[in-house]
2 protein chains.
Amino acid sequence: MTVTSPVHPAAADPRSTVSLAAVDLWWRAANYLSVGQIYLLDDPLLERPLARDDVKPRLLGHWGTTPALNFVWAHLNKLIVERETNVIYIAGPGHGGPGVVASAWLDGTYSELFPRITRDGAGMKKLFRQFSFPGGIPSHAAPETPGSINEGGELGYSLVHAYGAVLDNPSLVAACVVGDGEAETATLAASWHLNKFLDPASDGAVLPILNLNGYKIANPTLLARIPEEELLALFTGYGYSARIVAGGFDGEDPAAVHERFAAALAEATDEIEAIQHAAREGGETARPAWPMLILKTPKGWTGPKVVDGLPVENTWRSHQVPLSGVRDNPEHLAQLEEWLRSYRPEELFDADGRPVAGLDAVRPTGTLRMSDNPHANGGLLRRALDLPPLEPRAVPMGERRGAEEVEPTRVLGRWLRDLMAANPHDFRLFGPDEVESNRLGDVYEVTGKQWQGEVLPTDLHLDREGRVIEVLSENLAQGLLEGYLLTGRHGLFTSYEAFIHVVDSMFNQYAKWLESAAKVDWRRPVSSFTYLLSSHVWRQDHNGFSHQDPGFLDHVVNKQASIVRIYLPPDANSLLVTAEHCFATRDLVNVIVAGKHPTGALLSLEEARTHGARGASVWEWAGTERVGEEPEVVVACAGDVPTVEAVAAVQILREQIPDLGVRFVNVVDLMRLQDASEHPHGLDEASFDALFTRDKPVVFAFHGYPSLIHRLTYRRANHANIHVRGFKEMGTTTTPFDMLMLNDLDRFRLVMDVIRRVPRLSTAYAGLSQRMDDERAAHRAYTREHGEDMPDVTGFPVLGTMAG
Amino acid sequence: MTVTSPVHPAAADPRSTVSLAAVDLWWRAANYLSVGQIYLLDDPLLERPLARDDVKPRLLGHWGTTPALNFVWAHLNKLIVERETNVIYIAGPGHGGPGVVASAWLDGTYSELFPRITRDGAGMKKLFRQFSFPGGIPSHAAPETPGSINEGGELGYSLVHAYGAVLDNPSLVAACVVGDGEAETATLAASWHLNKFLDPASDGAVLPILNLNGYKIANPTLLARIPEEELLALFTGYGYSARIVAGGFDGEDPAAVHERFAAALAEATDEIEAIQHAAREGGETARPAWPMLILKTPKGWTGPKVVDGLPVENTWRSHQVPLSGVRDNPEHLAQLEEWLRSYRPEELFDADGRPVAGLDAVRPTGTLRMSDNPHANGGLLRRALDLPPLEPRAVPMGERRGAEEVEPTRVLGRWLRDLMAANPHDFRLFGPDEVESNRLGDVYEVTGKQWQGEVLPTDLHLDREGRVIEVLSENLAQGLLEGYLLTGRHGLFTSYEAFIHVVDSMFNQYAKWLESAAKVDWRRPVSSFTYLLSSHVWRQDHNGFSHQDPGFLDHVVNKQASIVRIYLPPDANSLLVTAEHCFATRDLVNVIVAGKHPTGALLSLEEARTHGARGASVWEWAGTERVGEEPEVVVACAGDVPTVEAVAAVQILREQIPDLGVRFVNVVDLMRLQDASEHPHGLDEASFDALFTRDKPVVFAFHGYPSLIHRLTYRRANHANIHVRGFKEMGTTTTPFDMLMLNDLDRFRLVMDVIRRVPRLSTAYAGLSQRMDDERAAHRAYTREHGEDMPDVTGFPVLGTMAG
């Protein structure tokens with residue numbers, strides 16, 4: 001098969017200096033080192049016949065995808081040496097961990113970062129042993145892997161990471177090897193369209209290299225089993241200029257494949273350079289067809305062809321460990337030795353196990369080494385954000401608390417506008433078409449929505465260089481921000497609360513990345529990943545049950561306490577303070593839940609700062625406790641809507657039971673509820689008890705599922721007295737207040753809860769409790785009749801809503 | 001613009017009888033009814049000038065997508081009347097709720113299912129009022145919507161539902177309108193490739209109709225802003241034969257668009273019939289290029305062109321409610337009336353508000369009505385599975401418990417093989433390339449993997465009609481099974497435990513569907529959705545931290561207790577019993593977590609049946625309590641690996657503290673732990689206390705995150721004494737036993753826990769506790785040295801592992 005090569009201006013590259021022999025040398029060395037990692041405990045240089053005990057007792061790793069990863073790496077090295085191109089390498093088939101580690105060791109980075117693993121025979125032995133070994137390194141590309149920003153765990157995120165990485169990095173090329181298994185995943189299938197956002201002038205380039213090795217774990221892949229015309233049409237349709245390089249089948253000499261791939265890679269690079277030149281120097285504004293490569297090679301290429309009479313190379317059987325019985329089956333052992341020797345290690349390493357000088361011809365230097373590229377250790381490049389003052393955007397308190405009604409996220413949008421103006425090159429906002437809906441549209445005063453598609457006169461804010469990316473895929477928004485952060489920048493992901501579950505698993509994987517990266521000393525801290533979840537459960541009354549789900553918080557709390565933070569700012573100023581805090585943090589995942597609907601300003605900016613710093617505190621103005629006396633009951637709340645209900649409930653109590661001492665506690669930093677031993681933000685016992693008492697009933701109005709509060713307060717002395725109201729999966733299309741009533745989180749129910757929980761009230765105020773229930777019934781009837789809430793009930797303050 | 005029409009044998013359809021005038025009549029009527037639902041409380045037939053109070057106080061709904069949904073529906077009606085084609089309608093832009101409801105009312109189904117909503121003016125008024133009204137119906141397509149199997153909440157699942165629906169339904173056509181917003185989602189982008197699985201002989205057909213109306217909430221869509229050649233290349237690449245019909249722009253007369261679309265739809269239908277004929281009669285085996293249509297129309301077509309001086313039709317401004325100030329702005333009110341009258345209601349409805357007779361020409365009858373198609377209310381068609389006996393596949397107990405080591409999922413695979421043989425037409429297995437890895441490969445004795453791509457001689461089990469579908473996308477596997485179940489069939493989704501989080505949000509949406517559907521009396525029960533999660537957290541030691549996550553269980557528990565079930569069968573026979581149970585249930589989501597690695601058979605089939613029926617019970621043989629005496633401590637467990645550790649721990653206790661009375665409790669049905677008032681499977685107080693005591697310490701070894709056990713047992717008398725060990729997010733690439741030690745779930749730690757929790761032991765047996773800790777250290781050192789677990793420690797029974 002031959003290179004399918006479109007007409008191209010620079011078919012021959014005059015700058016070429018690296019021989020394909022050197023490329024092949026690198027490839028063989030990397031393959032040798034990969035097999036060694038999977039199999040060998042000892043005798044790394046095969047100085048004696050391979051013996052049973054030289055082989056690991058548990059054979060773990062994935063050979064199948066590795067030779068192609070090594071092949072591409074070797075060719076990219078050639079490119080870098082020849083052109084000094086600034087390249088990061090993203091291994092989509094992250095299962096090929098041994099490959100990327102092998103090249104990092106070959107180019108010297110590995111020994112620099114892990115001095116124990118020297119670049120010689122002794123180091124090689126340790127390199128082999130540590131792979132997939134207890135106390136060693138994972139079998140997949142991971143935070144421990146130099147040059148990696150893409151975990152090889154859950155598949156599908158390589159291409160979106162590549163696009164995120166090159167945004168605002170005009171000199172960077174992200175070479176992204178996409179596996180054909182991975183290409184079946186939903187996120188990967190959508191990611192190809194990201195070329196419609198990339199600006200050839202101000203962003204870098206992504207070079208996707210789809211490796212069609214034909215198989216997954218036990219099945220052929222879809223893209224490997226469609227005709228070539230269909231495959232090319234697909235990528236033409238995705239907007240790429242695609243080239244197919246196929247080879248290595250039926251024993252074809254790799255030299256021929258090297259030649260074809262080198263030519264294709266040079267052409268693709270020429271195209272990238274031409275596109276960028278045209279946009280940057282020539283004023284070209286049309287969306288280009290970026291190049292991509294399709295490399296069709298046998299799975300497990302250069303590995304055993306037949307094992308136990310069954311074909312292995314070029315089948316799914318080469319996916320993991322092609323020879324599985326090495327320690328017990330002498331034939332397998334012999335095959336392994338033969339396989340290793342087929343790479344001619346004596347030509348690759350000197351007597352001391354050092355890579356031979358011939359490899360230097362294809363070995364980039366310094367940070368041009370893909371393993372050492374600082375973009376793949378983004379903390380090295382990160383600068384702190386210039387955070388503009390909050391004061392100009394803060395909401396004045398008005399005559400009295402709650403009188404000034406504002407949309408909190410709109411207030412945040414004003415400040416984000418300032419932030420984006422002050423940081424025009426390394427802060428971005430990502431959303432699934434919800435930036436405007438979530439009231440952050442003011443940012444368009446200073447930037448636009450990045451877009452290279454066709455633009456019509458009626459369009460607003462579309463911009464080739466815009467710093468907002470909106471695409472109707474939470475997966476893409478999440479992945480872009482991950483790639484952007486891991487390369488040293490900052491950003492925010494805003495989404496509807498219910499649908500953020502679409503990225504539950506991506507959150508998991510990213511959280512695990514952060515958890516592992518924290519243990520890797522050469523990884524520098526990156527900016528935190530911050531979610532702004534608006535259009536939340538309590539204001540999705542109009543969109544109905546499918547849009548009502550606050551469970552992302554529960555999901556987040558399962559990850560290690562060291563990296564997760566949850567904030568429920570009760571009003572606009574608290575939201576400002578929270579956002580300012582989050583954007584200054586590093587290596588965390590921050591989740592902010594905040595409403596977009598008008599709600600009263602409860603705290604001045606100064607108060608919000610104090611409250612935010614405390615994370616949870618008593619609001620004297622909202623409670624009715626008397627100085628020097630223990631309260632009889634605590635009304636606590638977390639979340640903007642529950643806070644309004646809690647304030648309203650205490651208002652009613654103040655009027656109806658004037659002698660009741662109610663403490664009012666608001667929690668903005670949810671992790672304050674956990675014990676200090678369990679979470680870095682956790683309150684110590686004394687502080688918690690000072691807020692919530694050790695023995696008084698607590699009625700807690702919570703934004704999410706009630707069980708989360710129980711989970712967080714489980715170790716607290718007063719836990720048994722904490723009675724939580726929250727979302728209990730009762731939803732429909734109705735009004736905001738009806739949603740609260742459906743879930744027993746409304747003010748009237750909270751009053752009833754207080755009466756029931758305070759022993760002296762339960763009988764004495766049975767009448768009040770009944771009136772509260774009648775209120776609920778009246779509200780429900782009104783809503784059913786009029787299709788809207790009774791006036792005054794959704795606002796704040798809420799005085800005057802009582803019937804009598 | 002004109003129809004882009006490939007050469008085709010049957011360009012003119014001789015069977016045509018329905019006039020396009022009738023189609024237009026239906027379209028106008030549906031549009032009128034859609035606008036009425038969004039806006040009107042009263043005066044449904046505009047018998048008087050529209051007044052402020054005729055309009056709803058809260059305007060909720062989505063107009064933008066609706067006219068195109070109605071347009072397609074009208075044309076499909078023509079097709080059905082002409083050809084008696086068996087069609088279900090899937091509205092991807094589920095926001096177009098008013099449209100699908102309108103047509104269901106027009107065709108009569110609505111009044112049959114909801115007799116209150118008569119097919120006349122009085123019913124029309126109620127129809128209008130109930131839409132997005134408290135106590136009424138949701139604004140999106142939902143379980144309440146006749147003919148719907150696709151919730152219009154979270155976008156992206158229409159096409160995969162369509163493919164799931166037509167599997168094994170050779171006569172069915174799923175007409176699936178895909179929105180161009182939805183088309184940006186990850187799942188939708190991947191779903192196009194599902195045509196590589198569909199068998200033209202034994203499956204039905206999907207007719208995707210991509211509606212390019214150009215806009216999302218506030219942005220243009222990607223696919224609307226690429227050149228037509230690119231768009232056609234994309235769908236050619238996806239394997240379709242695509243036609244573009246564009247029209248309605250710049251005031252083009254709809255009559256012309258009707259003509260073009262009718263022709264394209266007839267051609268597409270001809271193509272489907274030709275493909276099916278060739279496969280069914282002609283023995284054609286090549287994968288066909290199925291037709292698809294691209295309908296390019298203005299968003300909000302036929303709605304207000306300009307509002308307040310800004311363009312609305314054909315922009316994002318028509319997404320929701322084009323006229324938002326109707327009650328307060330007389331100009332908006334006048335525009336609304338003009339808009340409604342533009343459909344000429346006097347031609348659509350008679351004086352009593354009944355649809356005019358002219359509509360009957362384009363109104364299919366009986367179950368040919370898309371609203372009444374039984375495939376969209378699959379419970380009507382469902383038959384119970386023929387469940388083969390478990391006995392032939394049950395594992396004999398061997399000499400003593402635990403001696404017989406088997407892979408539980410392999411045992412299940414044997415029985416699944418029987419099940420699939422006994423039910424060859426309505427049971428399917430879906431997986432993301434993990435069926436073989438999860439040890440279910442025996443099913444290939446009786447069926448194959450469905451596949452229409454190229455087949456090579458080395459391939460195994462690929463089959464055009466196979467009943468297993470493997471595609472490396474959890475989203476696709478989930479969506480296919482949803483579509484398959486909702487159309488009345490049965491199936492199983494098997495996946496790795498960690499990566500099932502990829503479908504968290506799809507699970508949410510499906511669970512919410514079931515929760516809502518249960519309240520719709522005309523919806524008949526469908527088979528439960530059953531997950532088999534294997535390759536679970538405790539045996540992903542080799543794949544590392546990214547593969548270790550048991551949090552799906554926490555996620556599931558957030559949904560309503562009425563529909564979620566979680567099973568943790570401790571051994572192979574328990575797994576058989578659990579699976580048999582799950583496949584007989586309806587309207588539930590069953591989650592089964594079971595290992596694939598060799599583990600001892602603990603229960604005979606008979607015992608497993610008894611234990612399964614109880615859900616949680618005392619294992620006398622494993623404990624050391626004496627008859628008639630209260631135990632001193634309870635050792636409880638849930639999950640296969642924790643069960644082995646718990647049994648081993650009690651073995652050690654038996655030897656080392658012979659006089660200690662340990663009760664051993666295993667939980668297979670996790671929801672038994674909840675209170676009977678909270679979950680239908682919950683144990684009542686007495687039963688729970690009889691198992692776990694009211695006051696003895698409980699050491700609970702759990703498969704997942706410990707907090708889940710606390711959450712479920714929160715109301716129990718003995719809750720404060722329950723001490724849970726489980727996954728605490730400590731993971732890496734290591735050995736199975738080291739994973740347990742990292743998370744303090746190993747047998748030695750459990751012994752230490754018992755010593756610490758039982759007051760009389762804590763001092764007296766401090767030495768034993770120390771020895772346990774020394775054991776842990778020795779194991780850890782051995783693992784680090786040898787790269788594998790110490791012999792005997794991973795097996796069962798575990799006698800003899802103690803140092804002294």
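Which residue's side chain does B:Arg539 meet in a salt bridge? The partner is B:Asp541, with 3.9 Å from N to O. Keep that pair in mind as you explore this predicted model, where a search over all chains finds 124 salt bridges.

**How the two chains are arranged**

- Two copies of a chain are related by a rotation about an axis and a shift along it.
- Here, chain B is superposed on chain A by a rotation of 180° with 0.0 Å of shift along the axis, and the RMSD is 0.0 Å.
- The two copies are thus related as by a two-fold rotation axis.
- Of the interface residues of chain B, 100% are also interface residues in chain A, so the copies meet through the same surface.

**Where the chains touch**

- On chain B, 119 residues are in contact with 119 residues of chain A.
- About 9200 Å² of area is buried between the two chains, and carbon and sulfur atoms give 56% of it.
- Between chain B and chain A there are 57 residue pairs in polar contact, both residues being at pLDDT 80 or more.
- Several elements of chain B give two or more residues to the side that touches chain A, including helix H8 (228–237), helix H20 (707–713) and helix H24 (766–786).
- The element of chain B that gives the most to this side is H14(B), with seven residues.
- Sorted by class, the side of chain B that touches chain A has 43 nonpolar, 45 polar and 31 charged residues.

**Salt bridges between the chains**

- Twelve salt bridges are counted between chain B and chain A.
- In one of them, A:Glu729 pairs with B:Lys512, and their closest N and O atoms are 3.2 Å apart.
- Another joins A:Lys559 to B:Asp549, with the closest N and O atoms 2.4 Å apart.
- This pair crosses between chains: A:Lys559 sits in the loop between helix H15 (552–557) and strand E15 (564–567) of chain A, while B:Asp549 sits in the loop between E14 and H15 of chain B.
- Are these two residues buried or exposed? A:Lys559 is buried, at 3% relative accessible area, and B:Asp549 is buried too, at 2%.

**Salt bridges within a chain**

- Back to the opening pair: B:Asp541 is buried, with a relative accessible area of 2%.
- B:Arg784 and B:Asp738 also meet through their side chains in a salt bridge, at 3.3 Å from N to O.
- B:Arg784 lies in helix H24 of chain B and B:Asp738 in helix H21 (residues 736–742), so the pair ties together parts that are 46 residues apart in sequence.
- B:Arg784 is partly exposed at 33% relative accessible area, whereas B:Asp738 is buried at 1%.
- In chain A, a network of salt bridges links A:Arg725, A:Lys728, A:Asp744, A:Asp746, A:Arg749, A:Asp753, A:Asp773 and A:Arg776.

**Two histidines of chain A**

- A:His681 lies in the loop between strand E20 (662–667) and helix H19 (685–692) of chain A, and it is buried at 17% relative accessibility.
- The side chain of A:His681 makes a polar contact of 3.2 Å with the side chain of A:Arg565.
- A:His710 belongs to helix H20 (residues 707–713) of chain A and is buried at 13% relative accessible area.
- A polar contact of 3.3 Å joins the side chains of A:His710 and A:His719.
- Leaving aside neighbours within four places in sequence, the residues in contact with A:His710 include A:Ile722 and, from the other chain, B:Tyr714.

**Backbone angles to look at**

- Most residues other than glycine have a negative phi.
- B:Glu84 has a positive phi, near 55°, and is found in the loop between helix H2 (66–83) and strand E1 (86–91) of chain B.
- B:Ser535 also has a positive phi, near 45°, and lies in the loop between strand E14 (529–534) and helix H15 (552–557) of chain B.
- B:Glu84 counts as exposed, at 59% relative accessibility, whereas B:Ser535 counts as buried, at 1%.

**A covered helix**

- Helix H22 (residues 747–757) of chain B is mostly covered, with nine of its eleven residues buried.
- Among those buried residues of H22(B) are B:Phe748, B:Leu750 and B:Asp753.

Key: Residues are numbered from 1 along each chain as its sequence is written. Chains are lettered from A and ligands numbered from 1 in the order in which they are written. This is a predicted model: local features need pLDDT of at least 70, side-chain atom pairs count only at pLDDT 80 or more; totals for chains, interfaces and linings use all residues. Side-chain values use heavy atoms; hydrogens and water are left out. Copies are superposed by least squares on the C-alpha atoms of residues with pLDDT of at least 70 in both. Contact means heavy atoms within 4.5 Å. Helices (H or I, at least four residues) and strands (E, at least two) are DSSP runs, numbered from the N terminus. Buried means under 20% relative accessible area, exposed over 50%, partly exposed in between (1.4 Å probe, protein chains only). Buried area is the accessible area (1.4 Å probe) that two parts lose on being put together, summed over both. A salt bridge is a side-chain nitrogen of Lys or Arg within 4 Å of a carboxyl oxygen of Asp or Glu. A polar contact is a pair of N or O atoms within 3.5 Å; within protein, one must be able to donate a hydrogen and the other to accept it, and residues adjacent in sequence count only if both atoms are side-chain atoms. Ala, Val, Leu, Ile, Met, Phe, Trp, Tyr, Cys and Pro count as nonpolar, Asp, Glu, Lys and Arg as charged, and the others, Gly among them, as polar.
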